[in-house]
Amino acid sequence: MNYAIETEGLTKIFRKRWSGKEFRAVDGISLRVDRGTTFGLLGPNGAGKTTFVKMLLSASHPSAGRARIFGKNSRDPEARRPIGYLTENHRFPTYMTAQGMLDFYGALSGMEAGLRKKRIPELLERVGLADWMTVRLGKYSKGMLQRVGLAQALMHSPDLLVLDEPSDGVDPVGRRQIRDILQALEEQGVTIFLNSHLLVEVELFCRDVAIIQRGKVALEGSVRDLTAGSGYKVEAENVPEMLQAELRTRARATSQENGVLRLMFGSREDANMALDLLRAQHCEIEAMTRTNSTLEEVFMRTVDPPPLTAAAVPASAMKETANVG
Amino acid sequence: MSANKYLIATMALIRDTFREAFARKIFWGFFGCSTALILFFIFIMRIDVVQGAVATMTIFGKEAHPNQNVNLLVRQVHGGIAAFLYTAGMFLAVFASAGLIPTIFEPGRIELLLSKPVKRYHILLGRYIGNLLVVGFNVFYLVLAIYLIFGIKTGVWNTNFVMSAFMTMFMFAVLLTVVLLIGVLVESAAVAIMVTFALMLISPILAQKSTIERLLSAEWSRDILRGLYYALPKFFDGGRILRELVIGGPIESWMPIWSTALFGIVILSAGLYSFARRDF
């Protein structure tokens, strides 16, 4: 039971009823999420993320392969007992109050009435909705619903949190609040599995990520490793137009601002070649630095391969990034 | 899952169904209609009891003579009321509560329910039982109140009339399995209502099986008719049995009851099986 989540060849095939045409939404995903870690699942729309999560929770049945939650087969209801889940596009019954909703889902998780009664005000206080405890959910804003949804996921003190777009619709203050809650949970040893489109959020929060595309794992690893040392940035002034044109064909991306030409190269060899050419033309070299990628860049490279020759890229897009893994 | 946790989850599912029925005014709608009927019966009957015998009684404008068998009259009136509640109440109950089951399949709601450590059949049965109790509470409230009103005013305590509540609930429980199955398969309250109403409306036609059989020339068409009669719930026959029960008449055959129960068990099992197999 070393893994919070373990999947082996997890596959989901949808078949059209009449034509029998197959669509592999999830195609043999084998993934391991360590206990107590923070894991981000990334992928473009339609990549199979939600189907994967649904199979983990047994809302959808795998066509092949298996999933284990803390060593238990995910199809066993007991495997879901340590899971707290916040679904994307949730539709909480609007006739419920926050108190009623937490009580209901807590009871479904097998919590005793006394424990539920004690836990509800604590949790609502934690997500900043203590004053809204007896207000019907129909009167809540989207951000408030998201926060009460998080409280619902935390109701039975889960060991594994599966969160689908947890900060969707939440204002920056609320987003920070959610992140603080999640960080506190991480410190307590709760495993957090995050499915989010907010790559910055994932980069800030998750230790490991997997990027899936067309139902398969396209890239997997720690955020630190994936974003480390991705290339070299060369900055130079007074670069003749002929040389600029030549360098643009070799660089991964270029930009120009206030007379400074910025060139991004994928390898040290290319960067050195550029330096040689610039020196030969007596250009003034401002800097050469090793750059880290943002997770967004890693993501874009993984799911959508860059063109061979990049057009001019805004300078802001080329800023050096800190490794925040 | 331990028995205690099982019970906690079941109670939560039932409570949730009640909460939704309250919020959608379904419960209060039933309760209001039942109360209105009870008030109607309180004020429609004028009765004077002299030395334990009914001197004058007016029910639905008909005056009973002092020498008339009051017991028989009350039983007949009970029979009429029970048949009315059985028929009109059933249409109302199916129409009003059909939405309570498909709502749990709404995207964004069902995933959350399924993520809990509860078996799928448990979720659906919890909702089904909750729905039965919402209707059952009002049926028993109405029947017991009418039983008391008649008992107090006439001194005739026809306990068979109370049986009509059980019979009505039995038939509702069977018809609700159809709502449940259709809800699981197509997630539409409207389609569930249509199919259930169709079964109720076809029932009196199929009940005339022996007459219709004489009109059919081909043996296969007679077989189809018989097959439909025995396979589908016998809502009409159930009503006849109910009336006989209430007035104390003879019951010719219990076949309509057990075959309807069998239908309910098969459809409920099909609904639970389909729900267990479905992807959300």
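Trp258(B) lies in helix H11 (residues 255-277) of chain B, helices (H or I, at least four residues) and strands (E, at least two) being DSSP runs numbered from the N terminus. The model is predicted, so that local features need pLDDT of at least 70 and side-chain atom pairs count only at pLDDT 80 or more, whereas totals for chains, interfaces and linings use all residues. Residues are numbered from 1 along each chain as its sequence is written, chains are lettered from A and ligands numbered from 1 in the order in which they are written, and side-chain values use heavy atoms, with hydrogens and water left out.

With a relative accessibility of 53%, Trp258(B) counts as exposed, where exposed means over 50% relative accessible area, buried under 20% and partly exposed in between (1.4 Å probe, protein chains only). Together with Trp254(B), Leu262(B), Ile265(B) and Val266(B), Trp258(B) makes a nonpolar surface patch of about 570 Å².

Chain B contains eleven helices and three strands, which follow one another along the sequence as α-α-β-β-β-α-α-α-α-α-α-α-α-α. Its C-alpha atoms fill a box of roughly 70 × 55 × 30 Å along the principal axes, and 52% of the 280 residues of chain B are buried. Of the contacts in chain B (heavy atoms within 4.5 Å) with a separation of 6 or more, 73% are between residues 24 or more positions apart.

Side chains of opposite charge can pair when their charged atoms come close. Over all chains the structure holds 30 salt bridges, each defined as a side-chain nitrogen of Lys or Arg within 4 Å of a carboxyl oxygen of Asp or Glu. One of these joins Asp103(A) to Arg15(B), with the closest N and O atoms 3.5 Å apart; this pair crosses between chains, from helix H2 (residues 98-108) of chain A to helix H1 (residues 3-23) of chain B. Asp103(A) is buried at 17% relative accessibility, whereas Arg15(B) is partly exposed at 34%.

Within chain A, Arg250(A) and Glu246(A) meet in a salt bridge of 3.3 Å, N to O, both residues lying four apart in helix H8 (residues 241-250), about one turn of the helix. Asp223(B) likewise forms a salt bridge with Arg226(B), the closest N and O atoms being 2.8 Å apart, and these two residues are three apart in helix H9 (residues 219-231) of chain B. Asp223(B) is partly exposed at 41%, as is Arg226(B) at 24%. Salt bridges that share partners also join Asp16(B), Glu20(B), Arg24(B), Arg109(B) and Arg127(B) into one network.

Methods
Patches are made of residues with over 30% relative accessible area and no salt bridge: like charges are joined within 9 Å, nonpolar side chains (Val, Leu, Ile, Met, Phe, Trp, Tyr) within 5 Å. Accessible areas come from the Shrake-Rupley method with a 1.4 Å probe; for residues, only the protein chains shown count as cover.
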